[in-house]
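Hi,

Here is the structure I promised to pass on to you. Please have it open while you read my notes below.

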Amino acid sequence: MTHEVNDEAAETLARLERLARIESPSFDAGASERMASLLAEWWGAAGAVVRIETTGAGANFVADLEGVGEPLLLVGHSDTVWPHGAIEDQVPWSVDGDTVRGPGVYDMKSGLLVMLAAAERLRGRPHRSVRVVIVCDEEVGSPTTRALLLSCAEGVSGAIGFESPHPDGALKVGRRGSTRVGLTVHGRASHAALDPDGGISAIDELVDQLVAVRGIVADASQHSEVLCNVGTIAGGGRANVVPAEAEAEIGLRFLDGQTEHAVLDALRDLSPVRSGAVVETAVRSHRPAWSPSAADGDLLSAIAAAGARVGQTVTGRPASGAGDTNLLGSLGIPTVDGFGPRGGGAHAVTERVSLRSLGERIDLLTAVLGGPELAAIAPRAPRAAD
């Protein structure tokens, strides 16, 4: 058995290097195709029925593995935040004892291999039916794959996301809602000295609108905390021209759907301060708030019971970050996230993953899929999506 485990660990590490060396930034259709094709090869050999679904962002991978009962949905993504060349000069591939470094190894290519290795271990043994969906645009809010996620969630008994866990290894049950809003202002250009009153400064208008946004967020936060970050600002071209265009992108995080709707409605109702200015708001990506439910707790309890059988203590709690499980959890589907291995440095040059934790997560998922605990988790009709 030890020899088999060591062989599996070596194979998993080799696969992780292959995935890391397919540098796959969001919206790189070619890289997503290479990722999906390699996953299809591995999952097909494991006995799954596989297909590749193409959206505007690239190639997405779907697999169905026949088993007992309604399928458990395993959710991941193939894209990373890293540009091409990062593996050479920003996050070089390296293995130092238990620590593996490289672009995307923690977020979340190691999580993809947890799913695969567990499926391979269970081949020829009774296990839960499994459906896998791996999208290519999660890091930018999954703008093209929402419909695919919803279709893959039909008839499932629950969903597990393979994002990174809390730093102590705890799973994630509940996530803040996350929405990116574009705020665009159209003014009128004129000469800043010869005809200053003939222009309408889009930048001045944008500044005033951002002050208004701050007030909206402050009012809402009296009832439920809202996080707001103005991530980008652009506009104008020359100091001697009154700027006709300006825009900002705003990132918002919410604890609950009611506050989320109230803030977004207020942003849509923003009106110009300056006569003749035009203010437009557009939601660029949206992940609804996922508040933990009793169904999520039941799935977590089943995972914890399976973990106890293999000597692991499993806990879970809400998380601040957002992901594709926001959508699934918000619909009432029993959902847990953070099933990826421990590590650190997501989106940073310190990105790393623990090989020991990777093996533990494979053990845990094998126990979950191959054990009796999921029998009590029944499919639930999902609520309507926002």
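Strands S4 and S5 (residues 99-101) run antiparallel and are joined by three bridges. One of the pairings to look at is Ser94, whose bridge partner in S5 is Arg101. Do keep in mind that this is a predicted model.

The two strands belong to an open sheet of four, in the order S4-S5-S18-S17, with antiparallel pairing. Strands S4 (94-96) and S17 (343-344) each have a single partner strand because they stand at the edges, so one side of each is left without a neighbour in the sheet.

Now for the helices around the sheet. Helix H4 (residues 105-122) lies across S5, S17 and strand S18 (352-354), and runs at about 40 degrees to S18. Helix H10 (residues 355-370) also packs on the sheet, where it touches S4, S5 and S18. The direction of H10 makes about 55 degrees with that of S18.

Which residues have the most contacts inside the largest nonpolar core? They are Trp43, Phe61, Leu74, Val132, Phe162, Ile303 and Phe339, in a core of 58 residues. Helix H4 turns up again here, as it gives the most to this core, with 12 residues.

Happy browsing, and best wishes

Note on methods. Residues numbered from 1 in each chain as written. Predicted model: local features only at pLDDT ≥ 70, side-chain atom pairs only at ≥ 80, totals over all residues. Heavy atoms only, no water. Pairing = 2+ DSSP bridges. Contact = heavy atoms within 4.5 Å. Axes fitted to C-alpha atoms, helices over the stretch in contact; angles between N-to-C directions. Core = buried A, V, L, I, M, F, W, Y, C linked by side-chain atoms within 4.5 Å. Buried < 20%, exposed > 50% of the residue type's maximum accessible area, 1.4 Å probe, protein only.
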